[in-house]
Amino acid sequence: MYTPAATQVHLDEAVRATPFVQTGIAYGCDYNPEQWGPEVWAEDVLLMQQAGVDLVAINIFGWSALEPRAGEYDFTLLDTIIDLLHSHGIRVNLGTGTSSPPPWLTTAHPEILPQVEDGTTRYSGGRQAWCPSSPVFRAHALRLVERVAERYGAHPAVVLWHVSNELGCHNALCYCDDTAGAFRRWLEARYGTIAALNTAWGTSFWSQRYGAWEEIHTPRLTLSSRNPGQALDFHRFSSDELLGYYRAEEAVIRRHSRVPVTTNFMVTAHIRNLDYWSWASDVDVVANDHYLDHRLDDPTTELAFSADLSRGLADGGGWLLMEQATSAVNWQPLNRAKAPGEMTRNSLSHVARGAEAICFFQWRASQQGSEKFHSALVPHAGTDTVLWKEVVELGATLTRLREVVGTRVVADTAILFSWEAWWAADNESRPSKAVTYLEQVHAAYTALHRLGVTVDIVSPDADLTGYRLVVVPALYLTTDEQADNLAAFVAAGGHTLVTFYSGIVDEDDRVRLGGYPGAFRDLLGISVEEFVPLSPDQAVRLDAFGADAFGADAFGADAFGADATGTLWTERLRLASAEAIASYADGTLVGVPAITRNRHGSGAAWYLATAPDHTTYRDLLRVIAREARVTATGPENDGLLEVIRRVGDDRSFVFIINHGVSDTVVATADGIDIVTGDAVTGTVLVPAGAVRVIREETAS
Ligand code: GLA
């Protein structure tokens with residue numbers, strides 16, 4: 001694994017902050033009072049109290065107000081707002097204010113503006129118009145951070161620092177000359193010699209051999225596809241570069257404050273530029289922003305995935321949902337309003353998965369600016385609205401849930417997830433553009449979700465001890481250590497399902513020879529001669545997909561459906577030590593195994609060589625989960641019912657979320673529903689659209 005260069009600021013453990021104190025589930029939002037006048041602020045704090053809002057992020061976009069001209073500071077507004085919030089018992093999550101440079105800075109120093117991959121500049125007038133490698137930007141930003149931190153570092157209202165905002169949301173990949181210089185320094189630290197870089201990037205191909213560091217550029221647009229090694233390292237560099245920037249702001253804050261520091265991650269389907277596994281230990285508490293993405297097939301299941309991954313980043317502990325929307329966003333082609341109750345279900349789905357703060361963008365819907373049609377806690381229509389009523393009710397519900405703080409989600413199943421694999425797998429030249437990393441991860445997650453199985457999302461480098469089942473979807477780039485990690489897990493009795501396009505290349509995107517999937521060939525007991533991707537409208541039938549392959553006793557005669565199909569991908573696969581579980585029944589690979597199982601040590605390693613239809617995926621994982629003795633936390637269903645358990649030393653809670661339109665009865669332990677206060681014995685009726693949280697009397 002790459003370690004960021006020693007030249008980057010790194011804090012001594014001894015000066016790390018005090019932890020973020022959770023006395024309950026925090027309820028909060030971004031607050032942008034600069035868009036309004038004092039009479040509105042007075043109403044705001046009263047309404048915040050009414051709703052139970054107790055954690056407010058301010059000064060996120062404060063720079064042009066705080067420093068209206070270079071070196072001239074005006075803290076009047078911020079002083080007033082912090083004191084106002086404090087006097088109403090509302091805690092402050094204080095932005096450093098650096099997320100968007102003011103126009104005077106980009107006018108005086110246009111060299112800080114970012115460049116996109118065709119080498120053209122992106123201008124001010126939007127937001128985040130700065131290059132992460134710009135020394136000029138950094139100097140100005142850190143000067144502001146210094147002033148903000150020295151002024152408010154010990155203010156009793158400030159309980160959390162919020163560095164910049166969604167670092168890399170728009171500007172993660174900059175292609176300017178400053179970036180090229182920083183990229184070269186990063187490469188030199190990684191490889192030491194230009195010869196080592198040439199080897200890693202495979203530059204003997206297409207006459208790309210470099211003779212000196214100065215010849216290397218950012219991977220700007222080319223006429224053909226670009227060197228994949230260069231593109232992959234540019235992703236790694238860009239993630240590290242922003243992490244270095246985060247550390248620089250944190251170091252300045254730390255000179256003035258012991259309050260915990262974080263920044264809001266974007267664990268979401270449409271942003272992939274930061275490797276948060278390498279960031280997670282730097283933040284004092286993991287914070288994530290999540291918005292339902294209605295461009296996806298199933299935005300609610302993606303929310304669950306994002307929350308489980310946020311918990312993974314928090315090493316299984318609590319984390320903060322820093323932003324979500326009360327209803328519609330403004331940046332999708334069609335911005336859907338949430339149905340009544342949906343905001344509450346979304347919020348409690350995050351809490352069920354470890355969130356200990358539920359915050360929103362933003363407090364009051366803007367009257368002007370690009371986000372004026374983004375929902376907020378206080379909508380344009382005011383407080384005589386269905387939405388405001390739900391906002392107030394959610395505040396009350398979160399207050400009742402305070403006792404879940406400190407409990408942890410327990411899962412015996414994990415999915416391995418890797419940003420590096422994502423970058424490498426979705427590179428320009430690949431066997432099929434119809435196959436994308438995240439879709440394959442989501443497909444595996446969805447199948448487990450439908451089976452009622454709670455899943456941890458962990459790094460391929462994570463300690464896998466304690467899991468019964470580890471699913472490895474499309475882990476195209478796999479290091480030797482990661483392959484060994486999985487093999488050791490299986491040898492010790494674990495079960496794994498590895499899916500196609502896993503273990504294909506090493507960390508330099510170099511194909512592992514001798515038959516795919518090189519990293520997992522021995523573990524899986526197979527060898528693949530050739531990929532045979534399918535067109536998106538093609539499907540192949542899967543045969544021998546019945547109980548016979550296992551023995552009816554093991555799985556039941558109806559373990560697999562008769563109409564099983566594979567899509568998108570097939571491969572010419574040969575068995576070594578593995579047994580075939582299913583084969584292609586038509587197409588060009590009739591009789592070739594599509595699903596295999598291999599005994600390895602005391603465990604079993606399954607392989608899935610195609611993208612099965614949803615039912616088949618679920619059927620397959622049901623069988624594997626049973627073999628692995630996985631414990632489902634809820635009943636199998638079509639995704640409309642979620643049951644998740646949080647467990648503490650002396651208490652446990654079961655969250656039951658009914659996304660459906662019918663009331664449903666769910667079996668539970670005896671206990672108290674802390675949402676309604678009702679006693680529960682054996683079963684609980686969960687009305688359509690409702691959430692129940694049962695404090696179990698006896699933890700089983
Ligand atoms: C991001 C930003 C916010 C706002 C929201 C809108 O999360 O951090 O400032 O733009 O998106 O959804």
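**Entry 1: L221**

I started at L221, in the loop between α7 (194-201) and α8 (228-254). I took helices (H or I, at least four residues) and strands (E, at least two) as DSSP runs, numbered from the N terminus. This is a predicted model, so I noted its limits: local features need pLDDT of at least 70, side-chain atom pairs count only at pLDDT 80 or more, and totals for chains, interfaces and linings use all residues. Residues are numbered from 1 along each chain as its sequence is written, and side-chain values use heavy atoms, with hydrogens and water left out.

L221 counts as partly exposed, at 48% relative accessibility. My cut-offs were under 20% relative accessible area for buried, over 50% for exposed and partly exposed in between (1.4 Å probe, protein chains only). I then checked L221 against D118. The two are 103 residues apart along the chain, yet 5.2 Å separates their C-alpha atoms.

**Entry 2: W279**

I moved to helix α9 (residues 276-279), which holds W279. W279 is buried, with a relative accessible area of 1%. From C-alpha to C-alpha, W279 and G244 are 9.8 Å apart in space. In sequence, W279 and G244 are 35 residues apart.

**Entry 3: the ligand**

Which residues surround the ligand? I listed F61, R127, N165, E166, D289, Y291, E323, W331, F361, E371 and H374. The shell divides into four nonpolar, two polar and five charged residues. In that scheme Ala, Val, Leu, Ile, Met, Phe, Trp, Tyr, Cys and Pro count as nonpolar, Asp, Glu, Lys and Arg as charged, and the others, Gly among them, as polar.

Next I looked up polar contacts. A polar contact is a pair of N or O atoms within 3.5 Å; within protein, one must be able to donate a hydrogen and the other to accept it, and residues adjacent in sequence count only if both atoms are side-chain atoms. E166 has a polar side-chain atom 2.6 Å from an oxygen atom of the ligand. For W331, a polar side-chain atom lies 2.8 Å from a ligand oxygen. The side chain of Y291 has an N or O atom 3.4 Å from an oxygen atom of the ligand. How much of the ligand does the protein bury? Taken alone the ligand exposes 310 Å², and the protein buries 97% of that. These areas come from the Shrake-Rupley method with a 1.4 Å probe; for residues, only the protein chains shown count as cover.

**Entry 4: the cis bond at F361**

I went back to F361, one of the residues around the ligand. A cis peptide bond joins F361 to Q362, with omega about 0 degrees. Q362 lies in the loop between β9 (355-360) and α12 (386-400). Most residues other than glycine have a negative phi, and most peptide bonds are trans.

**Entry 5: the loop between β14 and α16**

I found another cis bond, from Y516 to P517, with omega near -15 degrees. P517 is in the loop between β14 (495-499) and α16 (521-524). D509 is also placed in the loop between β14 and α16. D509 is not a glycine, but its phi is positive, about 60 degrees. D509 is buried, at 16% relative accessible area.

**Entry 6: Q128**

Q128 has a positive phi near 55 degrees and is not a glycine. I located Q128 in the loop between α4 (103-108) and α5 (135-152). Q128 is buried, with 5% relative accessible area.

**Entry 7: helix α11**

Why is α11 (residues 342-352) largely enclosed by the rest of the structure? Eleven of its eleven residues are buried, so the helix is largely enclosed. Among them are M343, L348 and V351, and also E342, R345 and H350. G354 follows α11 and has a positive phi near 115 degrees.

**Entry 8: two loop side chains**

Is S459 buried or exposed? S459 is buried, with a relative accessible area of 12%. S459 sits in the loop between β12 (455-458) and β13. A polar atom of the S459 side chain lies 2.9 Å from the backbone nitrogen of D461.

T478 is in the loop between β13 (469-472) and α15 (480-491). T478 is buried, at 0% relative accessible area. I traced the T478 side chain to the backbone oxygen of L475, at 2.7 Å.

Key:
A residue is near a molecule or strand if one of its heavy atoms lies within 4 Å of it.
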